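User: I am new to reading protein models and would like to go through this one slowly, with questions and answers. Could you take me through it step by step?

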Amino acid sequence: MLTVNDVSMNFGTKVLFDNVNVTFNDGERYGLTGPNGAGKSTFMKILAGELEALGGHVSHSGRLGVLKQDHSIYNDHKIIDVVMMGNPALWAALHEKEQLLEKGDDLTDEDGMRLGELEGVIAEEDGYTADAEATELLEGLGIPSEHHQQKLDILQGGDRVRVLLAQALFGNPETLLLDEPTNSLDIASIRWLESFLLTYGGALVVISHDRHFLNEVCTKIADIDYETIIVYNGNYDDMVGAKAEARTSLELANAAREKKIGDLQEFVQRFRAGSRASQVKSREKQLERERTALGDLKRSNIQRPFIRFDQARPSGKNVLSVVNLCKEFDGKVICRDFNLSVPRGSKIALVGPNGIGKTTMLRMLEGQLKPDQGEVEWGYEARIGYMPQEHSEMIEKSDQTARDWLWSFNNKVDEEGLRALFGRLLFRKDEPLKPTKVLSGGETVRLLIARLMLLEPNVLLLDEPTNHLDLEAIRSLTEALERYEGSCVFVTHDRQMVSQVATRVLEMSESGIRELTPDEFSEGQFLLTRKTYEKPSW
């Protein structure tokens with residue numbers, strides 16, 4: 001259990017939350033939601049004890065499992081050891097035991113007694129099954145066993161995050177605090193993590209921009225808005241519905257009260273100086289009660305961009321033909337004799353584990369990379385709009401302003417139209433004049449989306465377009481792609497986007513490329529590259 005009492009936090013004049021009181025109970029899984037900048041990560045750091053609030057305090061029972069953000073401090077440690085460090089008491093006992101045993105024949109009676117004490121700690125902390133548990137966690141998250149005894153720095157950044165996630169999950173902590181645990185995970189690993197968390201018996205608090213993940217895992221949503229945290233029953237979609245209904249009810253009640261207040265004010269003003277003094281006094285008291293009862297409609301900090309993709313003109317009926325495509329990259333086979341025909345209006349999701357070659361495939365389709373063999377042929381009038389996963393490929397971090405960068409692609413709108421486009425994508429006031437080198441990840445993605453809206457292509461090639469976007473922006477993007485009348489090939493780990501947008505699903509795996517229907521994908525009928533997870537013993 002984790003209890004928050006009167007916690008407040010602000011940065012300068014911006015209040016994130018004020019006098020928050022909330023209890024995170026064992027057996028419940030809480031999604032911590034709110035737009036980018038609402039204070040989710042700040043609140044999580046306060047819960048973890050990594051940041052001190054300006055007021056109030058946090059208390060918890062038992063051990064916390066926290067997803068660390070800095071993996072560099074573990075670079076010189078073996079991967080399996082990094083995982084076991086998730087239980088500090090066990091790790092300290094194992095480390096001290098190893099140091100004592102190195103004394104060999106020089107062990108004293110005191111050392112022997114200490115070894116006995118350490119054995120007790122190790123047994124109490126399930127240390128004799130620790131290797132097996134750490135191995136199962138790593139394999140479930142896609143770290144193969146041949147790496148487990150190697151140092152962390154042999155892994156790429158995304159895989160290091162997986163190791164830190166295994167560290168947070170290790171040893172059955174009483175409370176789990178996970179900030180964006182699905183980042184860097186492919187779909188199979190996300191499903192494994194869901195299975196793991198659904199069996200967890202403690203209190204879970206998780207931040208995620210993956211709507212499907214929140215809907216699958218969460219039993220409650222703790223939403224940061226109106227300068228406080230409101231807990232809703234159910235998953236993310238349940239919260240959105242309940243929040244909208246509560247807001248609408250309050251607005252309707254306020255409208256009725258404001259009308260009544262107006263009528264009372266008119267009566268008081270009309271008869272104040274007349275013969276109906278007693279009635280006026282009664283109306284004045286009633287007026288005061290109605291003003292007191294008027295609900296406080298604080299402004300929500302949730303904002304949703306308006307995204308719409310239009311076509312300047314449609315493509316021909318046959319948008320793309322891929323014939324006998326073959327490609328190897330860094331010694332890995334990306335595809336062999338791959339054929340694909342894409343009619344106009346198709347929306348194809350490209351899915352598969354990390355590192356399998358999805359970005360390479362998209363770059364071949366876009367024309368950045370040449371295939372080893374085969375042909376990529378775009379049809380009549382196909383005009384491509386491309387968004388890379390590495391945003392620096394398209395937006396160089398420089399002193400050039402966001403406005404000037406976007407203007408360089410403009411041949412159709414005036415300054416007012418460009419300002420309106422920025423406004424629809426939540427760039428306020430002077431924000432378009434910010435240099436590209438200081439843009440946040442979310443601002444950079446919204447700027448890339450603005451470019452696509454400006455260009456009006458009839459084909460979209462999108463590589464992980466939801467990266468850095470908050471939940472409301474992802475919903476807006478997903479709905480825009482669903483309405484889009486052109487053709488689209490997109491890479492994503494966002495299952496909600498695949499289910500809602502894709503008319504076809506191509507799965508890339510070590511066995512090759514195969515096509516699934518969206519229904520087959522939704523039912524999980526794709527090639528799992530992760531070990532099937534068995535329910536833990538807690």
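Predicted model: local features only at pLDDT ≥ 70, side-chain atom pairs only at ≥ 80, totals over all residues.

User: What percentage of the residues in the protein chain is buried?

Analyst: A residue is called buried under 20% relative accessible area, exposed over 50%, and partly exposed in between, with a 1.4 Å probe and protein chains only. Of the 538 residues in the protein chain, the buried ones make up 47%.

User: Which strands stand at the edges of the open sheet of six strands?

Analyst: Two strands pair if DSSP finds at least two bridges between them. The order in this open sheet is β5-β6-β7-β3-β8-β9, with mixed pairing. Each edge strand has a single partner strand, so one side of it is left without a neighbour in the sheet, and the strands in this position are β5 (64-66) and β9 (228-233).

User: Which residue in the turn between β10 and β11 has a positive phi?

Analyst: Strand β10 (residues 318-329) and strand β11 (residues 332-343) pair in the antiparallel sense over eight bridges, and Phe 329 has Lys 332 in β11 as its bridge partner. The two strands form a hairpin with two residues between them, and the one in the turn with a positive phi, of about 55°, is Asp 330.

User: How is helix α5 oriented to helix α7?

Analyst: Axes are lines fitted to C-alpha atoms, for helices over the stretch in contact (heavy atoms within 4.5 Å), and angles run from 0 to 180 degrees between N-to-C directions. The axes of α5 (residues 130-140) and α7 (residues 187-198) come within 9 Å and cross at roughly 140°. Angles under 35 degrees count as roughly parallel, over 145 as roughly antiparallel, 65 to 115 as roughly perpendicular and the rest as oblique, so α5 is, in relation to α7, oblique.

User: How far from Cys 335 is the nearest cysteine sulfur?

Analyst: A disulfide is a pair of cysteine sulfur atoms within 2.5 Å, and by this rule the count is zero. Cys 335, which counts as buried at 5% relative accessibility, is in no disulfide, and the nearest cysteine sulfur, that of Cys 326, lies at 6.4 Å.

User: Is Glu 180 buried or exposed?

Analyst: Most residues other than glycine have a negative phi. Glu 180, in the loop between β6 and α7, has a positive phi of about 55° although it is not a glycine. Its relative accessibility is 14%, so Glu 180 counts as buried.

User: And in which loop is Asn 172 found?

Analyst: Asn 172 has a positive phi near 50°, and at 33% relative accessibility Asn 172 counts as partly exposed. Its place is the loop between α6 (157-169) and β6.

Conventions: Residues numbered from 1 in each chain as written. Heavy atoms only, no water. Helix = DSSP H or I, 4+ residues; strand = E, 2+ residues; numbered from the N terminus.
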